[in-house]
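Here is a friendly look at one stretch of a protein chain. Please keep the viewer open as you read.

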Amino acid sequence: MDVMENFEKPWFISGGWVVDIALGKLTREHDDLDICIYREDAKEALRYFENWEIKVAVPGEGRLVDYEQFSDLSLPRYCLHLFREKNFIEILLTERVGDEVFFRKNKNITMGTNDFALKDSAGRPFVNPVWQLLFKSLNPRGKDNEDFNNYLSIMNDRQKLWLASGIRIMKPDSVWLAKLSV
């Protein structure tokens, strides 16, 4: 991911790409590229992308507003949309305290940073696929079900347990739970 090459804070590929990275192969078309950073590094990201058009997603409203000042990123806002010419990047701000990363939709769901932040054999940083699948489980579309089924084939028991635990909290009627039984 050349655009992040000189960003000096932790960053991770997120979204549907994480399943393909973990599998080591392309399983489907992807609409965009999502990057995850820790919220504490938002100012650094804003400086890094200062030559891009920066918009902030307003949760629950389905709209973007121009970024004007740092308070525009106050919770519950968590997503930047960056535009430059034909390029588009979505940056997701993720909360962490010390070595614990907090699931945005329920702070009782956490993951240690060593489990959250993975790297593939080429050194590309990416979010643990089960973290991403927990988001996808809340309102799964066809491609989300496809991602789940593809990753399920290589998911270890510890990952299944973590994902099942999170889904039981967030969406206890999920059909994915039966497939995760460990």
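## Helix 4 as a whole

This is a predicted model. Helix 4 covers residues 129–137 and is mostly covered, with nine of its nine residues buried. The buried set includes Pro 129, Val 130, Trp 131 and Gln 132. Also among the buried residues are Leu 133, Leu 134, Phe 135, Lys 136 and Ser 137.

Asn 128 sits in the loop that links strand 10 (125–127) to helix 4. Why does Asn 128 count as buried? Its relative accessibility is 6%, and the cut-off for buried is under 20%.

At the start of helix 4, a side-chain oxygen of Asn 128 comes to within 3.1 Å of the backbone nitrogen of Val 130. Leaving aside residues up to four places away in sequence, Asn 128 touches Met 111, Asp 115, Phe 116, Leu 118 and Gln 159.

## Phe 135, inside the helix

Phe 135 is part of helix 4. With a relative accessibility of 19%, Phe 135 counts as buried, because the limit is under 20%.

Which residues does Phe 135 touch, not counting those up to four places away in sequence? They are Phe 103, Arg 104 and Lys 105. For a distance to check in your viewer, take Phe 135 and Phe 148: these two are 13 residues apart along the chain, and their C-alpha atoms are separated by 11 Å.

Definitions and conventions: Residues are numbered from 1 along each chain as its sequence is written. This is a predicted model: local features need pLDDT of at least 70, side-chain atom pairs count only at pLDDT 80 or more; totals for chains, interfaces and linings use all residues. Side-chain values use heavy atoms; hydrogens and water are left out. Buried means under 20% relative accessible area, exposed over 50%, partly exposed in between (1.4 Å probe, protein chains only). Helices (H or I, at least four residues) and strands (E, at least two) are DSSP runs, numbered from the N terminus. A polar contact is a pair of N or O atoms within 3.5 Å; within protein, one must be able to donate a hydrogen and the other to accept it, and residues adjacent in sequence count only if both atoms are side-chain atoms. Contact means heavy atoms within 4.5 Å.
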